[in-house]
Amino acid sequence: MHPRPSAAPLQRAWGIRRKAGGRIYLIMKIEILTLFPEMCEAVLGESIVGRARKQGLVQLRARNIRDYTPDKHRRVDDAPFGGGYGMVMQCQPIADCFRALCEEWGERPRLVYLSPQGKTLTQAKAKELAGLPSLALLCGHYEGVDERVIEALVDEEISIGDYVLTGGELPALVLCDCITRLLPGVLAADAAFANESHYDGLLEYPQYTRPAVWEGREVPEVLLNGNHALQEKWRREQMEERTRRKRPEMLS
Ligand code: SAM
């Protein structure tokens with residue numbers, strides 16, 4: 001295994017505690033194991049996820065699998081046994097990369113392999129993962145990864161849909177985004193996601209903002225009259241109606 005700079009003592013802790021708004025949170029740690037860490041960094045530094053990261057509400061990092069190959073040309077892939085198209089990522093750099101992470105953290109995070117062969121990501125799965133202290137996300141590339149490293153180390157395979165992408169980085173970033181916004185303190189109100197689509201099996205109600213009339217289209221009257229009980233009732237009805245209309249299979 002190739003040496004890596006040692007982790008800061010805080011990062012070795014089982015979960016860094018942070019006090020925000022008078023409440024103590026355990027900081028979730030997510031590490032993306034990838035051949036393209038810069039691609040991940042570009043996304044992780046932006047918007048709500050980037051802000052959560054800067055505020056220390058989540059620890060999100062990308063680790064380069066290539067740093068763990070002994071090959072002098074930094075190769076991490078080889079041709080498939082039995083022939084066939086493309087290249088396959090080798091076991092050793094992936095295994096050493098993950099084991100180095102476990103050693104640094106002093107714990108074994110759940111290892112998820114982003115794969116078109118996995119179960120499709122749902123909001124319920126994101127909620128489950130957001131409850132873990134730590135997570136490692138393995139991104140494949142080329143034709144994928146050697147099956148033996150999946151058997152040996154991977155706890156779970158997750159897909160972001162029934163289509164094939166060139167690499168696992170975009171799916172891993174989708175998962176990071178989805179999890180991070182569920183973590184305590186990340187959204188303005190912790191319950192901000194509770195009315196959103198898929199939170200409790202329904203789609204969200206329609207949203208409107210100023211102006212009240214745009215190109216002859218009016219905002220529903222109920223939203224302008226200041227009666228909060230009526231507005232809540234209307235929103236609930238809209239959630240049920242549009243779920244029935246747009247995604248009937250969600251109700252069956
Ligand atoms: N040969 C593989 C197969 O047919 O199952 C597909 C390999 S794909 C070209 C390369 C990598 O992209 C995969 O190892 C996986 O990490 C990622 N990937 C592609 N599509 C994905 C999806 N829908 N969800 C999650 N990861 C995906």
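The largest nonpolar core of this predicted model has 42 residues. Those with the most contacts inside the core are L33, I94, L137, L138 and C176. Strand β3 supplies a buried element, and a ligand sits in a shell of 20 residues.

**Core**
- In general, nonpolar side chains of soluble globular proteins tend to be buried together.
- I94 is one of the residues with the most contacts inside the largest core.
- Beyond its neighbours within four places in sequence, I94 is in contact with L33, I65, M89, L138, V145 and V149.
- L33 and L138, two of those partners of I94, are also among the residues with the most contacts in the core.

- Strand β3 spans residues 28-34, and seven of its seven residues are buried, so the strand is largely enclosed by the rest of the structure.
- M28, I30, I32 and T34 point one way from β3. K29, E31 and L33 point the other way. Both sets are buried, the charged residues K29 and E31 included.
- β3 pairs with strand β4 (residues 58-64) in the parallel sense, over seven bridges. Within that pairing, E31 has R61 as its bridge partner.
- β3 also pairs with strand β8 (residues 134-139), again in the parallel sense, over five bridges. Here K29 has S134 as its bridge partner.

**Helix α2**
- Helix α2 covers residues 37-44, and P37, C40 and L44 are buried in it.
- Seen down the helix axis, the buried residues of α2 fall within an arc of 65°, so they line one face.
- An α-helix has 3.6 residues a turn, so residues three or four places apart point the same way.
- E38 and A42 are exposed on the other side of α2.
- The buried residues of α2 pack against β3, β4, α3 (47-54) and α7 (169-180).

**Ligand shell**
- Of the 20 residues around the ligand, P116, G140, G144, G168 and P171 come nearest.
- Strand β7 (residues 110-120) gives the most to this shell, with four residues.
- By class, the shell has nine nonpolar, 10 polar and one charged residues.

**Backbone exceptions**
- Most residues other than glycine have a negative phi, and most peptide bonds are trans.
- R210 and P211 are joined by a cis peptide bond, with omega about 5°. P211 is found in the loop between α7 and β10 (213-214).
- R74 has a positive phi, near 60°, and is not a glycine. R74 lies in the loop between β4 and β5 (77-78). R74 has 14 other C-beta atoms within 10 Å and is partly exposed.
- Y142 also has a positive phi, near 55°. Its place is the loop between β8 and α6 (147-153). Y142 has 17 C-beta neighbours inside 10 Å, so it counts as partly exposed.

**After helix α8**
- R247 lies in the segment after α8 (228-246).
- Buried or partly exposed: which is R247? R247 is partly exposed, because 13 other C-beta atoms lie within 10 Å and the class runs between the cut-offs of 12 and 20.
- R247 and L203 are 44 residues apart along the chain, and their C-alpha atoms are separated by 8.3 Å.

Terms used:
Residues numbered from 1 in each chain as written. Predicted model: local features only at pLDDT ≥ 70, side-chain atom pairs only at ≥ 80, totals over all residues. Core = buried A, V, L, I, M, F, W, Y, C linked by C-beta atoms within 7 Å. Contact = placed C-beta atoms within 7 Å. Near = placed C-beta within 6 Å. Helix = DSSP H or I, 4+ residues; strand = E, 2+ residues; numbered from the N terminus. Pairing = 2+ DSSP bridges. Arc of directions from axis to C-beta.
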